[in-house]
Amino acid sequence: MALLEVKVPDIGDFDEVTVIELMVKVGDTVKADQSLITVESDKASMEIPSSTAGVVKELRVNLGDKVKEGSVVLVVEAAGAAAAPAAAGASAPVVAAPVAAAAAPAPVAAAPAAASGPIEIRVPDIGDFKDVVVIEVMVKAGDSVKVEQSLITVESDKASMEIPSSHAGVLKDLKVKVGDTVNIGDLLAILEGTVSAAAAPVAAAAAAVAALASAPAAVATPTAVAAAVAAVAAPAHVPGASTLGLPHASPSVRKFARELGVPLDEVKGNGPKGRITQDDVQTFTKAVMSGAAQTKAQAAKAPAASGGDGAALGLIPWPKVDFAKFGPIERKEMGRIKKISGANLLRNAIMIPAVTNHDDADITDLEAFRVSTNKENEKSGVKVTMLAFLIKACVAALKKYPEFNSSLDGDAIVYKNYWHIGFAADTPNGLMVPVIRDCDKKGVLQISQEMGELAKKARDGKLGPAEMTGATFTISSLGGIGGKYFTPIINAPEVAILGVCKSTMEPVWDGKAFQPRLMLPLSLTWDHRVIDGAAAARFNAFLGQILSDFRRVLL
């Protein structure tokens, strides 16, 4: 029995590639040429095979480690009989031969040192491949392109590769689109500018991939594959081969996902054959940030809205009851929106030290003005609601008391110099909060129009993530339903929310007699970490003054 170190072989002109996947563990029995780890550069991913057979005794690398040629991957315990053939195989010419052959393509004419004016970018020599399919376009007209920057990704039945630009300049015209088939010499794009030509290895490297991919299976060993892939820095996925858990995406997309902290295996690919593109990663990120989606890690950490066991909070278990034994029941799964909003509401209710102030505002004169305004604007089709006036009044109050228009960021308070107001909309699928932006710059009529459009989109399920994010303050109105007061839950990372109920006619003492006045119940919930009781009382009082005499909004 012998202990042998398995090292990273010659992987071409790459230094310190990142370990992104471990395929074996201590105690596993590995065969010669069995893949051990996956490493990745900024353009290519490759599997590092074992040079010998045996039992894994020690792993010398972890996820995220940087390795290079000669780095020890693991230690195996190998029997003499098993180790010798593997070692011989590792050094035998049959492994190196295809790489050497692939690395020696036909001579490529030297490119000129510089060019001026329109420059044609064509598909380089990619070997014995015909009609490869364009599965990803990475640039668009107007982009500034660098030498060797990837322009498109193509895929055959054996490999996918990124086609780089041979020159630098500004992209004036793109000649291909996703789904097109291309061949050597086809025109990809036209650049404009004074540029330097790329080094000849672009064509030579692509030829190496082609030669290796078409090599007989007997000589195209994993060692040879790894070396050739490293030489071209292109293939990201080999169709038909086991992905070993890696998402179907190019190395550049996987790197982009890692930088954002996106779990790529949870992203749905919308590219050809389910390939994950950069747009897919960005869409997933926006959905998570807006609360429209959750990662598996978030779902595991967040207690369910109605049935979390409370273990994460140190609480006694949630009661488990067989309701059917007491009478007939009907079980329905919660909708997606309720699941997501429920988890957020529970987090906010538990983590925010919230206090609610209740007050009444006299809106008798404002309601008369609203009614007359709607009569005057009947032909416009825009109906002004009390909520539109409330939004303008809240903006005035937020400007006077800016702590209500802030957010906590660690130990700092972020004061926002913009006023985006969210309003709770009741929809068939659950509660949604569209956001009206820059309310300080819009009049009541424009706010009413936008509010109607957003509310309709919410009911139709057509609100986009951008239309539900960025609010600095939220209003939850039950005015069309009823009630008197309630305690709205703050929509983090905001620090306050205003709840409004149905206005009622009440007798109000004017100093001499009771007068009938239309009173609007206000419920202001605020985060006690940022706001104190005195500020909350002043905010409510000031808001009531504006609503009772709307001319104050102009002051």
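**Ground rules.** I worked with a predicted model, where local features need pLDDT of at least 70, side-chain atom pairs count only at pLDDT 80 or more, and totals for chains, interfaces and linings use all residues. Residues are numbered from 1 along each chain as its sequence is written, and side-chain values use heavy atoms, with hydrogens and water left out.

**The sheet.** I looked up an open sheet of 4 strands and found the order S1-S8-S6-S3 with antiparallel pairing. Its edge strands, each pairing on one side only, are S1 (2-7) and S3 (29-30). Strands here are DSSP E runs of at least two residues, helices are H or I runs of at least four, both numbered from the N terminus; two strands pair if DSSP finds at least two bridges between them. I then checked S6 (residues 54-59) against S8 (residues 72-78): 4 bridges join these antiparallel strands. Val-55 has Glu-77 in S8 as its bridge partner.

**Salt bridges.** I counted a side-chain nitrogen of Lys or Arg within 4 Å of a carboxyl oxygen of Asp or Glu, and the structure holds 19 such salt bridges. One network links Glu-5, Glu-58 and Arg-60.

Glu-136 and Arg-275 form a salt bridge, with closest N and O atoms 3.6 Å apart. This pair links distant parts of the chain, 139 residues apart: Glu-136 lies in strand S11 (residues 132-137), Arg-275 in the loop between helix H5 (251-260) and helix H6 (278-290). Are they buried or exposed? Glu-136 is buried at 8% relative accessible area, and Arg-275 is buried at 0% (buried is under 20%, exposed over 50%, partly exposed in between, with a 1.4 Å probe and protein chains only).
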